[in-house]
Amino acid sequence: AGGAAAEHEVRALAVPGQARGLDREDPRDGEAVVQLDRGQVRARDGVRQVDHQPTSEIFDQGEPALVSELYLAAKEVTRDGFATSLGKDYKFSFEDYSQWLVDITRLSGWGEISWVDREEKALRGVLRITDSPVAGYLKGKVKAPCDHVIRGLMAGGASSAFRANVDIIETECEALGHEACSFTIDTQRNLSKRFPKLYKAQ
C-alpha cells in the first residue's frame, strides 16, 4: 500500500473536520479546506495559494512559508469562527474549553489527544497526540515535525480557551520516530525563546 493511492487519501484536510479526501471546491462557512494536491489553502477570506509541492515538502521544515500558511489558515478559521462563538453561546469556562478541545480533535479523526499540562494564568500548556493520521502517512518522509494543520486548529481553540493569542510548536512527532506528537502552547515571544529553531521552522 502507498504511492499514488496513499497520496490521494490525504490530498485534502478539513478544518475543522475529519482527515479525509474532499471533492468540494468551496468550503462551507467557517471551514477551511487544505487541498494538498492542488497546493491551496481555502478559507473564508479566499484562497491562499501555496504553489504545487509534493505533500512531504509542504509539511517539512524545508518550506517554512508553506508551513506558516497551513498553520495560520487553520488557526484563524478556528479562533475567529466556531471556537469563539461556541464559547460565547454556551458560556465556556477554561475547563470547558480544555475538554472541548480534546473532544473535537479526537472526534474529527486527528488521533488520540490528551493534556499533559496546562496553566491558565501562565498562558501555557502541553498537548499529546498519538496515532496522528498525518504523522503516520509522512513517517520517514520528513525531517521535521509535520502536524501543522492540527497544530493550527488547536492553537485557534487554545487561544479561545486562554482568551489570549497563544501559539503552538510541535516539539516531538511520530513521523520522526517519537512515541507521540507533543505540542507546546505559549505566547509567540516565549516560544521563540524556548524553541528558537523550531519556532523559525514552524
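With a relative accessibility of 5%, Ser 159 counts as buried, where buried means under 20% relative accessible area, exposed over 50%, and partly exposed in between (1.4 Å probe, protein chains only). Leaving aside neighbours within four places in sequence, Ser 159 is in contact (heavy atoms within 4.5 Å) with Lys 75, Arg 79, Ala 164, Asn 165 and Val 166.

Ala 161 also lies in helix 6 and is buried, at a relative accessible area of 4%. Residues up to four places away in sequence not counted, Ala 161 touches Phe 94 and Tyr 97. Between the C-alpha atoms of Ala 161 and Arg 79 there are 9.6 Å in space, and the two are 82 residues apart in sequence.

## Helix 3 against helix 6

Two packed helices are described by the angle between their axes and the distance between the axes. For helix 3 and helix 6 (residues 148–162), the axes come within 7 Å and cross at roughly 35°. Axes here are lines fitted to C-alpha atoms, for helices over the stretch in contact, with angles from 0 to 180 degrees between N-to-C directions. The crossing of helix 3 with helix 6 is right-handed, that is, the near helix is turned clockwise from the far one by less than a right angle, anticlockwise being left-handed.

On the helix 3 side, the residues that meet helix 6 are Val 67, Leu 70, Tyr 71, Ala 74, Lys 75, Thr 78, Arg 79, Ala 83 and Thr 84. Their counterparts in helix 6 are His 148, Val 149, Arg 151, Gly 152, Leu 153, Ala 155, Gly 156, Gly 157, Ser 159 and Ser 160. By class, this contact has eight nonpolar, eight polar and three charged residues; Ala, Val, Leu, Ile, Met, Phe, Trp, Tyr, Cys and Pro count as nonpolar, Asp, Glu, Lys and Arg as charged, and the others, Gly among them, as polar. Thr 78, in helix 3, is buried at 0% relative accessibility. Its C-alpha atom is separated by 5.9 Å from that of Leu 153, 75 residues apart along the chain.

## Loop residues with positive phi

Lys 91 is not a glycine, yet has a positive phi of about 55°. Lys 91 sits in the loop between helix 3 (64–90) and helix 4 (94–107), and is exposed at 70% relative accessibility.

Asp 131, likewise not a glycine, has a positive phi of about 60°. The loop that holds Asp 131 runs between strand 6 (124–130) and helix 5 (133–138). At a relative accessible area of 59%, Asp 131 is exposed.

## Chain totals and confidence

The chain has eight helices and eight strands. Of its 202 residues, 50% count as buried. Among contacts with a separation of 6 or more, 53% involve residues 24 or more positions apart. The chain exposes about 9,600 Å², with carbon and sulfur atoms supplying 47% of it; areas come from the Shrake-Rupley method with a 1.4 Å probe, and for residues only the protein chains shown count as cover.

The mean pLDDT (the predictor's confidence in each residue, from 0 to 100) is 78, and 69% of the residues reach 70 or more. Over residues 1–54 pLDDT stays under 50, and the model has 117 contacts beyond four places in sequence for this stretch.

Residues are numbered from 1 along each chain as its sequence is written, and side-chain values use heavy atoms, with hydrogens and water left out. In this predicted model, local features need pLDDT of at least 70 and side-chain atom pairs count only at pLDDT 80 or more, whereas totals for chains, interfaces and linings use all residues.

Note on methods:
Helices (H or I, at least four residues) and strands (E, at least two) are DSSP runs, numbered from the N terminus.
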